[in-house]
Amino acid sequence: MSLLTFEKEKAAPGDAIRTASRPAPGTRATKAGPAGEIKKAAGARGASGGTIPAAAPRLTTTVPREYVHRSSHAEVFLTSCERTGEHQFTLTGQWPRAHTFFTSHDGLRHDPLQAAETIRQTGLLIAHTHFGVPLGNHFLLWDLHISTHPEQMVIGATPSELELTATVTDLVRRGRHQTEFTLDITITRQGRPCASGGGRFTCLAPGTYRRLRGAGEPAKEPAAGTHHQHPWPLTTPPHTVGRHRPFDVVLAPTHQPHRWLLNPDPHHPVLYDHHGDHHPGMVLLEAARQAATALIHPTPHTITGATADFHHYAELGTPCWIQATLPPTHTAHHPTIHITAHQNHHIVFTALVTAALRPPAAASRTV
């Protein structure tokens, strides 16, 4: 069962999202119109007091954050979406040169999980703007896969402008709304593929989700000052899991080798951007990446991709154990690490994380 659900938003979905004008200082923007474009209010005044001319150029901005279920505008990576066929879409996006969380350990490359988050946002955006899924609905992500080309993930002198081609298959419709679909995406940068992947999404109405979860009351937000779900006497050094800050480490070590306790900070502004009643899927993906990195450490390497399946919800407040295993038949220079997450004697999540090893002389720090 998926790990991705989000709080309700009160807005009606548009038919499409396109590049729109960013209001100048002192102006206001109306809500998205039928075509999903942000329009300036009539007679809006500019910073100098003059009226903004109707022929003002349209400038690039992100899609509305509500369509991708993010609280912060800074976490929205998509800038436009256009339907190009019955089941085909073309989107644009942008990855910043520096991000507070999605970054490689040496800061030289974009993070593969940033590509995974971009894929997640694409599924939600298409569902809301083209499949008629109301913004109050919940989303389940059953599986997700991502593969990257490390040489095309290198951060340049400017933010990375992206073009995405998305194909939707295996559509299931109930009533007026799409309720299930599979998404396959290719992400290109400067005309060259840098990542590809996809996933299987299910859309649930709020009442259906409540019945599925069996929860009469919404989950309570962690009390202020609570830094971890499970206080644990052991701490994981950030550099061993590919991180710089302890705040970004989601694993606590145990006395068993290659086994950790899922122990993220519930107030992390990126991983817990939206309050929910379980651990988000991106938290489990990050746990898989950190566990794979720890298993390979200190050999220099680059994480290149992952394939993940979400079997059950990872509940808050209940210990969740992360196990990493290196299969005996793995490829020497391109190992695939098997990750499992156990909770309440059930497997809630499995993943295969791929990496590319580099000779020590080729890199002084792990990625």
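Seven aromatic pairs are present in the structure, where two rings of Phe, Tyr or Trp (its six-membered ring) count as a pair if their centres lie within 6.5 Å, with planes under 30 degrees apart called stacked, over 60 edge-to-face and the rest tilted. In the pair of F77 and F102, the ring centres are 6.1 Å apart and the planes stand at 70°, so the arrangement is edge-to-face. This pair ties together distant parts of the chain, 25 residues apart: F77 belongs to the segment before β1, and F102 to the loop between β2 and α1 (112-130). F102 also pairs edge-to-face with F101, at 5.4 Å centre to centre and 75° between the planes.

The structure is a predicted model, in which local features need pLDDT of at least 70 and side-chain atom pairs count only at pLDDT 80 or more, while totals for chains, interfaces and linings use all residues. Residues are numbered from 1 along each chain as its sequence is written, and side-chain values use heavy atoms, with hydrogens and water left out.

Returning to the aromatic residues, F77 is buried at a relative accessible area of 1%, where buried means under 20% relative accessible area, exposed over 50% and partly exposed in between (1.4 Å probe, protein chains only). F102 is likewise buried, at 6%, and F101 is buried at 1%. The charged end of R213 is placed over the ring of Y313, 4.2 Å from the centre. Elsewhere, F89, F131, F181 and F201 make up one aromatic cluster.

A nonpolar core is a set of buried Ala, Val, Leu, Ile, Met, Phe, Trp, Tyr and Cys residues joined through side-chain atoms within 4.5 Å. The largest such core contains 76 residues, and I187, L285, I322, I339 and F349 have the most contacts inside it. Helix α3 (residues 281-296) supplies the largest share of this core, eleven residues; helices (H or I, at least four residues) and strands (E, at least two) are DSSP runs numbered from the N terminus. Beyond its neighbours within four places in sequence, I339 is in contact (heavy atoms within 4.5 Å) with residues including A288, A291, A292, I322 and F349.

Some backbone features also deserve a look. Most residues other than glycine have a negative phi, and most peptide bonds are trans. H69, in the segment before β1 (78-83), has a positive phi of about 55° although it is not a glycine, and this residue is buried at 2% relative accessible area. N344 likewise has a positive phi of about 55° without being a glycine; N344 is found in the loop between β11 (336-343) and β12 (346-357) and is partly exposed at 47%. A cis peptide bond, with omega of about 10°, joins H297 to P298, and P298 lies in the loop between α3 and β9 (301-310).

As for confidence, the protein averages a pLDDT (the predictor's confidence in each residue, from 0 to 100) of 82, and 77% of the residues score at least 70. The pLDDT stays under 50 over residues 216-228, for which the model has 19 contacts beyond four places in sequence. Residues 361-367 also stay under 50, with 20 such contacts.

Key. Lys NZ or Arg CZ within 6 Å of the ring centre and 35° of its normal.
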